[in-house]
Amino acid sequence: MDLTQNDSNYGDWMSALPEELWDLPLSNLAIPGSHDTMSYCLDITSPLVRSESDTFRILDGLFYCVTRPAIYRWATTQEKGIVEQLTAGIRYFDLRIAHKSCDISDDLYFFHVIYTHEKVLDTLQEIASWLDSHPKEIVILACRNFEGLSDKLHETFIYNLKRMFATKLCPRTEAVVTLRHLWNLKYQVVLSYDDQTAVRHTELWPGIPYLWANKPTAEGLLDYLEWEKSLGRPDGFFVAGLNLTAGRCFITSNPNESLRSLSVKNWDSVREWLKEQRPGQGPSSLNIIAGDFVGLIPFCHLIIALNKKLISSQSW
């Protein structure tokens, strides 16, 4: 595998790892992830999600023609579809899940400020189908930031998840979560469900910590991540977010910017920092590394290449 190329086809990168890495915990490997995975299909005509403030809701109603283009520019964090992200090497998916207010159906949607066109179960079925044709690839699905789901809707959704992924689901009771062990048992999905409902279901893992800088510049982002590293890594899976965040003051004072242009502008500094990181069990090591604009910003192959630092020979 040529690790110098840009992200193009890393659909089977896990199965291509050297055998020396097959018995390491997945939480010690470097794994590419996408932040706000489904924001590539935001529905610009949809209502604001329930958690948005009343003030912003009033502004959106009065100045719709201004707020909606701004929302789209700054809430869109991805451009590639789910299968394209899988093919690019993404194995951690940040899935924000909501039920629309006043919707009498049980349909669930993804969201980031507004809702998506795509329904949750349709997208997850795409992932399940892709896994059928890539039997040695493991994905980590992080269902989080739930909006508007009643206890009944949670249980219905969990029932559908268990039916859809069935024997692919790795239960949280598994003491050993390595590639070799998962392959032997034909497990392909680690399903994190960040809600108290998950406690009753052994197939579901708890929420995975996400280190979020909440900064609009590479300098602020990297300072935050270095500070987090100095505190020591969490146990088990965790995510280091490479995503930049612009507050409303920044957005208002930079009318010609977008999250896309901001991310591209800051990428050179982030890339150089990323190359110096290493996975493993050390206190400053990283595990899942998630970013925005998969494909446009070629971070997947750099993250996968970090696993070379875990092997004794340089034959890979």
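## Exercises on cavities and salt bridges

The largest cavity has a volume of about 120 Å³. Keep in mind as you work that this is a predicted model.

**Exercise 1. Find out which residues line the largest cavity and which element gives the largest share of that lining.**

Step 1. Start with how many cavities there are: a search of the whole structure finds 3 of 30 Å³ or more.

Step 2. Now list the lining of the largest cavity.

Step 3. Helix α9 covers residues 259-275, and with 4 residues α9 supplies the largest share of the lining.

Step 4. Sort the lining by residue class: 6 residues are nonpolar, 4 are polar and 1 is charged.

**Exercise 2. Describe the second largest cavity by its volume and by the classes of its lining residues.**

Step 1. The volume of the second largest cavity is about 60 Å³.

Step 2. Its lining includes Leu211, Glu228, Lys229, Gly232, Arg233, Pro234 and Phe238. Pro283, Ser284, Ser285 and Leu286 also line this second largest cavity.

Step 3. Sorted by class, the lining of the second largest cavity has 5 nonpolar, 3 polar and 3 charged residues.

**Exercise 3. Are Asp94 and Arg144 buried or exposed, and what network are they part of?**

Step 1. Asp94 and Arg144 form a salt bridge through their side chains, at 2.8 Å from N to O.

Step 2. Asp94 lies in strand β2 (residues 92-98) and Arg144 in strand β5 (residues 139-147), 50 residues apart, so this pair links distant parts of the chain.

Step 3. Both Asp94 and Arg144 are buried; the cut-off for that class is under 20% relative accessible area.

Step 4. Finally, widen the view: a network of salt bridges links Asp36, Asp94, Arg96 and Arg144.

**Exercise 4. Explain why Glu272 and Lys275 are separated by about one helical turn.**

Step 1. Glu272 and Lys275 form a salt bridge, with 3.6 Å between the closest N and O atoms.

Step 2. The separation is about one helical turn because Glu272 and Lys275 are 3 residues apart in helix α9.

Step 3. Compare with the classes for accessibility. Glu272, at 42% relative accessibility, is partly exposed, and Lys275 is partly exposed with a relative accessible area of 38%.

**Exercise 5. Is Thr55 buried or exposed, and where is it found?**

Step 1. Locate Thr55: it is in helix α1 (residues 54-62).

Step 2. Apply the cut-off. Thr55 has 56% relative accessibility, so Thr55 counts as exposed, the class for values over 50%.

Step 3. For a sense of distance, Thr55 and Cys300 are 245 residues apart in sequence, and their C-alpha atoms are 39 Å apart in space.

Note on methods: Residues are numbered from 1 along each chain as its sequence is written. This is a predicted model: local features need pLDDT of at least 70, side-chain atom pairs count only at pLDDT 80 or more; totals for chains, interfaces and linings use all residues. Side-chain values use heavy atoms; hydrogens and water are left out. A salt bridge is a side-chain nitrogen of Lys or Arg within 4 Å of a carboxyl oxygen of Asp or Glu. Helices (H or I, at least four residues) and strands (E, at least two) are DSSP runs, numbered from the N terminus. Buried means under 20% relative accessible area, exposed over 50%, partly exposed in between (1.4 Å probe, protein chains only). On a 1 Å grid over the protein atoms alone, a cavity is a set of points where a 1.4 Å probe fits but cannot get out, and a pocket is an open set with protein on both sides within 12 Å along at least five of seven lines; lining residues have an atom within 4 Å of a point. Grid points are joined across faces, edges and corners, and a volume is the space filled by probe spheres set on the points. Ala, Val, Leu, Ile, Met, Phe, Trp, Tyr, Cys and Pro count as nonpolar, Asp, Glu, Lys and Arg as charged, and the others, Gly among them, as polar.
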